[in-house]
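Plain running paragraphs will do.

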Amino acid sequence: MKKCKILHINDGTAKVITNGDRHFVEEHPWAEDLIEGYLNQGYEVKQMIPNYTPNVQKNGEYSFFIGGFTVFMEKEV
C-alpha cells in the first residue's frame, strides 16, 4: 500500500548562486530542509511542478509570477 503527500511550497528566502551573463541560479535552503525531512521519513519525490499565479492588471492585460511549486511524494507503507 502506498501513502501520498502533496505539498505546495513557496520559499521566499532563496540564496542567489549566480546572476549574470544571461544565467541565473538560486538555492532554496528552507525548502530543501523541508523536503529532506519527508525523504528521511521514507517518502520519494515523484514530481515537482512550478506554480504560476495570474495577476490581472486591467481587463485583457495579464501577467504571471512564480508562486512556488507543488511536490508530489509517495512512500510504501
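How many aromatic pairs does the structure hold? It holds one. Rings of Phe, Tyr and Trp (its six-membered ring) pair if their centres lie within 6.5 Å, with planes under 30 degrees apart counted as stacked, over 60 as edge-to-face and the rest as tilted. The ring centres of Tyr38 and Tyr43 are 5.8 Å apart and the planes stand at 80°, so this pair is edge-to-face. Tyr38 and Tyr43 are both buried (under 20% relative accessible area, with a 1.4 Å probe and protein chains only).

The model is predicted: local features need pLDDT of at least 70, side-chain atom pairs count only at pLDDT 80 or more, and totals for chains, interfaces and linings use all residues. Residues are numbered from 1 along each chain as its sequence is written, and side-chain values use heavy atoms, leaving out hydrogens and water.

Strand 4 (residues 44-58) pairs with strand 5 in the antiparallel sense over twelve bridges. Strands are DSSP runs (E, at least two residues) numbered from the N terminus, and two of them pair if DSSP finds at least two bridges between them. Two residues lie between the strands of this hairpin, where Gly60 takes a positive phi near 90°. Further along, Pro50 has Phe69 in strand 5 as its bridge partner.

Pro50 and Phe69 also belong to the lining of the largest pocket, together with residues including Asn10, Glu26 and His28. A pocket is an open set of points on a 1 Å grid, with protein on both sides within 12 Å along at least five of seven lines, and lining residues have an atom within 4 Å of a point. Strand 5 (residues 61-76) gives the largest share of this lining, three residues.

Technical notes: Buried means under 20% relative accessible area, exposed over 50%, partly exposed in between (1.4 Å probe, protein chains only). On a 1 Å grid over the protein atoms alone, a cavity is a set of points where a 1.4 Å probe fits but cannot get out, and a pocket is an open set with protein on both sides within 12 Å along at least five of seven lines; lining residues have an atom within 4 Å of a point. Helices (H or I, at least four residues) and strands (E, at least two) are DSSP runs, numbered from the N terminus.
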